[in-house]
Amino acid sequence: MKNYPKVAVVILNWNGRFFLEKFLPSVYNSSYPNIEFIIGDNASTDDSLSFVRASYPKITILENSENYGFAGGYNHILSRVEADYFVLLNSDVEVTPNWIEPVIEMLERDTHLVAAQPKILAFHNKAKFEHAGAAGGYLDRYGFPFCCGRIMDKVEYDLGQYDDEKEIFWASGASLFIKSWAWKEAQGLDEDFFAHMEEIDLCWRLKKMGYRIGYCPDSTVYHVGGGTLNASNPQKTYLNFRNNLFMLQKNLPIEQLFTVIFIRFWFDFAALLKFAFDRKFKDAWAVSRAHQAFFLNIFKNAKKRKNHMPTENKTGQYKKSIITDFYLDKKQKFSDLDQENFF
């Protein structure tokens, strides 16, 4: 690649001294020649920034005045960054030396390909895919996200079965490459999400504008996952259920919206009952709170809807229910799914 567009690798930090100390060395040793490393800080109260200043004086530090969450935090930070590409990288990610080059080369080949992710493997078991992204994200007809290499809680081993470059529906926010002009055209992340699923919403909006999202298997990173909120945290449950409903209301075609939301209520009610049956009462209440928040914000989110363009790109949407496929039909690997049911 003769030309090296400028890449800004931006790690959003909130009290993350442990992860910065552990994973910044791999990021800082990236081989890409035209790069700026940025720590965007969400008003941390630990000593993470003093650690970065002392250990990595060449890394740029940009500070937010308060904790705006993942979505608002990145919006505030990236408004002050100038680069051809933004890379949103979680602080709990270990990278390989040449992880940037293949993704940029892929994005440079196609003007309509505006965002992408690398292959994301699990840091604690590097032979397996990682839950949050794996080999690229997809969305079923009722708004449930899943990944190539991960359906529900079933995560596959990486045996080279998903080593083809391809278009996907959404790229993981754990390691999201995006052209800066596309970020600005889409107006970044929706700050009302705070955290969780905001990258899926962003990718959906980009696809509605006619753009494409890609998966680059020639780049590999290793993600710890759950660094801020672990999987058993009721606040994570609340944000996932609430933000999923927000995303559906904002992005579904009007002719599908009411039917899908109605069916989702029943899926979510089943999840609430399951939480209660398992004596996870805080999670059950989190689902209820998520629905309350959905109705309280229904008019606000209605104003965010954009008209669907004739150029809308549906590639990566699954025409069936991943829930029924997984639990009833026992299709627990991506390769088990009927490929003709994908747009």
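Colleague: Which residues is His291 in contact with, leaving aside its neighbours within four places in sequence?

Modeller: Keeping in mind that this is a predicted model, His291 is in contact with Leu245, Phe265 and Asp268 once the neighbours within four places in sequence are set aside. The residue itself lies in helix α9, which covers residues 281-296.

Colleague: And is His291 buried or exposed?

Modeller: His291 has a relative accessible area of 14%, and because buried means under 20%, His291 counts as buried.

Colleague: On to cysteines, then: how many disulfides does a search of the whole structure find?

Modeller: The search finds 0 disulfides. For Cys147, the nearest cysteine sulfur is that of Cys148, 8.5 Å away, and Cys147 is in no disulfide. Cys216 is in no disulfide either, the nearest cysteine sulfur being that of Cys148 at 14 Å.

Colleague: Are Cys147 and Cys216 buried or exposed?

Modeller: Cys147 is buried, with a relative accessible area of 0%, and Cys216 is buried too, with a value of 1%.

Colleague: What about the second largest pocket, how much space lies in it?

Modeller: About 340 Å³ of space lies in the second largest pocket. It is lined by 15 residues, of which Ala186, Gln187, Arg205, Lys304 and Lys306 are the closest to its centre. The elements giving two or more residues to this lining are α6 (198-208) and α7 (234-251).

Colleague: How do the residues of that lining divide into nonpolar, polar and charged?

Modeller: The lining of the second largest pocket has 7 charged residues, along with 4 polar and 4 nonpolar ones.

Colleague: Now for backbone angles: what is the phi of His196?

Modeller: The phi of His196 is near 85°, a positive value in a residue other than glycine, and His196 sits in the loop between α5 (180-185) and α6. Most residues other than glycine have a negative phi. Met197, in the loop between α5 and α6, also has a positive phi, of about 70°, although it is not a glycine. With 12% relative accessibility, Met197 counts as buried.

Colleague: Last one, where is Asp163 found?

Modeller: Asp163 is found in the loop between β11 (154-155) and β12 (166-168), and at 37% relative accessibility it counts as partly exposed. Setting aside neighbours within four places in sequence, Asp163 is in contact with Lys119, Asp158 and Pro217. Asp163 and Lys119 are 44 residues apart along the chain, and their C-alpha atoms are separated by 8.6 Å.

Notes: Residues are numbered from 1 along each chain as its sequence is written. This is a predicted model: local features need pLDDT of at least 70, side-chain atom pairs count only at pLDDT 80 or more; totals for chains, interfaces and linings use all residues. Side-chain values use heavy atoms; hydrogens and water are left out. Helices (H or I, at least four residues) and strands (E, at least two) are DSSP runs, numbered from the N terminus. Buried means under 20% relative accessible area, exposed over 50%, partly exposed in between (1.4 Å probe, protein chains only). Contact means heavy atoms within 4.5 Å. On a 1 Å grid over the protein atoms alone, a cavity is a set of points where a 1.4 Å probe fits but cannot get out, and a pocket is an open set with protein on both sides within 12 Å along at least five of seven lines; lining residues have an atom within 4 Å of a point. Grid points are joined across faces, edges and corners, and a volume is the space filled by probe spheres set on the points. Ala, Val, Leu, Ile, Met, Phe, Trp, Tyr, Cys and Pro count as nonpolar, Asp, Glu, Lys and Arg as charged, and the others, Gly among them, as polar. A disulfide is a pair of cysteine sulfur atoms within 2.5 Å.
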